[in-house]
Amino acid sequence: MDRYERILTLHRLLKSAHYPIPLPRLLDELECSRATLYRDVAFLRDALRAPIESGGNEQAAFRYELADGEKFELPGLWLTSDELAALLALNELIGRSGPGVLAGALAPFKSRIEGLLSNHDNGKALPIERIRVIPWGERKLDQQVFRTVAGAVLQRKQLRFRYRARTTNADSRRTVSPQRLTHYRDNWYLDVWDHDRDALRSFAVDRIVEAQTLDTAAINVTDTDLNDLLASSYGIFAGKPKAWATIRFSSHAARWVADEHWHSQQKGEWLSDGRYELKLPYSNSKELLMDVLKYGPDAEIVAPLSLREEMKILLQLALGGYAQ
């Protein structure tokens, strides 16, 4: 543990202590010598103005003064090694957004993060390049549209835009009360109350154009109603569950599937022959079928029969493409 992390750990110990902490416990927690501990206490008290008081008769003990200790915080930003590792990942996430939607807005934060990383650990630059984040299926997003949409969500204003549906290629104009932005599988979706359809809807932000914030206040839909319609079924498609899917995976695929999160209400069970059975609710079968297809012969839809038949048709059509 370097000095930076010892100071942070010492501060957190004293901050949470209701009674003076004996010297032996501090030495054990900080993994340092008595002389080093006293130097750290002096630095925390004299340089950082921490309200430290010492006590004890035969044995020294330290704590923050009751009144001032509750208000005192370390100046600047102090992070442990674990927190710094998380910050490294965040730095990479910001960096990989490139010239896209988040890069411009987060550029000042990125430079501050890089400065913090280079100043940590006795001034030695940390190997940021050792952290990689690889996007998957990320679609092109208009930066100005995203900012307009995000602004309307946070300002609680109605939004008007033109929408080009990917499934039908239909073009429509919508006036909506934005409820929340959802980041799902490296893409952004906007959950709204659609005034034109008088219902809750979810729109892919990358298909929104000509977005305009209105002066009219947005209608607020409760989190319960939003989750009942937009988060109760599998995937990004809206709608209350119409059925529960039962999928059986081979013993080989089970090693991965058993540890995967598919849905908040999923139910998993190991079978006696080493296979794994997964059950989850769904509304629209499209996304579920595509996710099961990637397991190929290692996955079988057992129920309901209608979903099983849909999968059989998809497999027959795929096989037909190789018949020539």
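**Terms and the values behind them**

Modeller: The model is predicted. In it, K267 lies over the face of W244, at 5.0 Å from the ring centre.

Biologist: What makes the pair of Y184 and Y189 edge-to-face?

Modeller: A pair of aromatic rings is described by the distance of the centres and the angle of the planes. By the rule for such pairs, the count comes to eleven aromatic pairs. For Y184 and Y189, the ring centres are 6.3 Å apart and the planes stand at 65°. Pairing requires centres within 6.5 Å, and edge-to-face requires planes over 60 degrees apart; the pair of Y184 and Y189 is therefore edge-to-face.

Biologist: Which residues do ring pairs link into a cluster?

Modeller: F161, Y163 and F203 are linked in this way.

Biologist: Why is Y189 called buried?

Modeller: Its relative accessibility is 11%, and buried means under 20%; Y189 therefore counts as buried.

Biologist: How do you know whether T246 is buried or exposed?

Modeller: T246 has a relative accessible area of 11%. The cut-off for buried is under 20%, so T246 is buried. This residue lies in strand β9, which covers residues 243–249. Leaving aside neighbours within four places in sequence, T246 is in contact with residues including E277, K279, I301 and V302.

Biologist: How many residues does the protein chain have, and what share counts as buried?

Modeller: The protein chain has 324 residues, of which 38% count as buried. The chain contains eleven helices and twelve strands.

Terms used: Residues numbered from 1 in each chain as written. Predicted model: local features only at pLDDT ≥ 70, side-chain atom pairs only at ≥ 80, totals over all residues. Heavy atoms only, no water. Phe/Tyr/Trp six-rings, centres within 6.5 Å; stacked < 30°, edge-to-face > 60°. Buried < 20%, exposed > 50% of the residue type's maximum accessible area, 1.4 Å probe, protein only. Lys NZ or Arg CZ within 6 Å of the ring centre and 35° of its normal. Helix = DSSP H or I, 4+ residues; strand = E, 2+ residues; numbered from the N terminus. Contact = heavy atoms within 4.5 Å.
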